[in-house]
Amino acid sequence: LFESCISNLIDSKSNIQRRVITEEETEMIQINEELKKLKSISPKIWYNINDWGKVTELLTNNQQTAAMNIASRLGNNHKLSEYERVTGIKILDIVIQNSPEILSES
């Protein structure tokens, strides 16, 4: 048993497979953390972010639409699409850089 474990560690093919699995696991953890972050913001704040993005013109039309969709999906307890997740994180980065107080409004 010990020799087979050592040969697995030495065999480059098994190492590649392990690295791919680890990368997939890491990606899933990141996706789950991002979803958790997006869901931690209330739909009302997402609507406020949309309004802020229109007024300041710091969000593109697509980002404004995504903010509205995220607010709606979270309010109805629906899953976010991958596009909404990725765009939502970009939106949060813009908000944090320019007007982080929006995230603490109630």
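Visitor: Which residues are buried in α3?
Guide: In this predicted model, the buried residues of α3 are Ile-45, Trp-46, Ile-49, Asn-50, Trp-52 and Gly-53. Seen down the axis of α3, these buried residues fall within an arc of 165 degrees, so they line one face of the helix.

Visitor: Why would residues three or four places apart point the same way?
Guide: Because an α-helix has 3.6 residues a turn, residues at that spacing point the same way.

Visitor: And what does α3 span?
Guide: Helix α3 covers residues 43–56, which is 14 residues, and from its first C-alpha to its last it reaches 20 Å, close to the 20 Å expected at 1.5 Å a residue.

Visitor: How do the axes of α3 and α4 cross?
Guide: The axes of α3 and helix α4, the latter made of residues 61–75, come within 8 Å and cross at roughly 170 degrees. Angles over 145 degrees count as roughly antiparallel, and that crossing therefore makes α3 roughly antiparallel to α4.

Visitor: Which residues make that contact?
Guide: On the α3 side the contact is made by Pro-43, Trp-46, Tyr-47, Asn-50, Gly-53 and Lys-54, while α4 contributes Gln-64, Ala-67, Met-68, Ile-70, Ala-71, Ser-72, Leu-74 and Gly-75. The residues of this contact divide into eight nonpolar, five polar and one charged.

Visitor: What happens just after α3?
Guide: Just after α3, Glu-57 takes a positive phi of about 60 degrees, although Glu-57 is not a glycine. Glu-57 lies in the loop between α3 and α4, and at 69% relative accessibility this residue counts as exposed. As background, most residues other than glycine have a negative phi.

Visitor: What about Asn-77, where is that?
Guide: Asn-77 is found in the loop between α4 and α5, and this residue, although not a glycine, also has a positive phi of about 60 degrees. Asn-77 is exposed, with a relative accessible area of 71%.

Visitor: Changing topic to α5, how many residues does it have, and which are buried?
Guide: Helix α5 has 17 residues and reaches 25 Å from its first C-alpha to its last, close to the 24 Å expected at 1.5 Å a residue. Its buried residues are Glu-84, Arg-85, Thr-87, Gly-88, Ile-89, Ile-91, Leu-92, Ile-94 and Val-95.

Visitor: Take Arg-85, then; what does it touch?
Guide: Not counting residues up to four places away in sequence, Arg-85 touches Ile-31, Glu-34, Leu-35 and Leu-38. Arg-85 is found in helix α5, residues 82–98, and is buried, with a relative accessible area of 10%.

Key:
Residues numbered from 1 in each chain as written. Predicted model: local features only at pLDDT ≥ 70, side-chain atom pairs only at ≥ 80, totals over all residues. Heavy atoms only, no water. Helix = DSSP H or I, 4+ residues; strand = E, 2+ residues; numbered from the N terminus. Buried < 20%, exposed > 50% of the residue type's maximum accessible area, 1.4 Å probe, protein only. Contact = heavy atoms within 4.5 Å. Expected span 1.5 Å × (residues − 1). Arc of directions from axis to C-beta. Axes fitted to C-alpha atoms, helices over the stretch in contact; angles between N-to-C directions. Parallel < 35°, antiparallel > 145°, perpendicular 65-115°, else oblique. Nonpolar A, V, L, I, M, F, W, Y, C, P; charged D, E, K, R; others polar.
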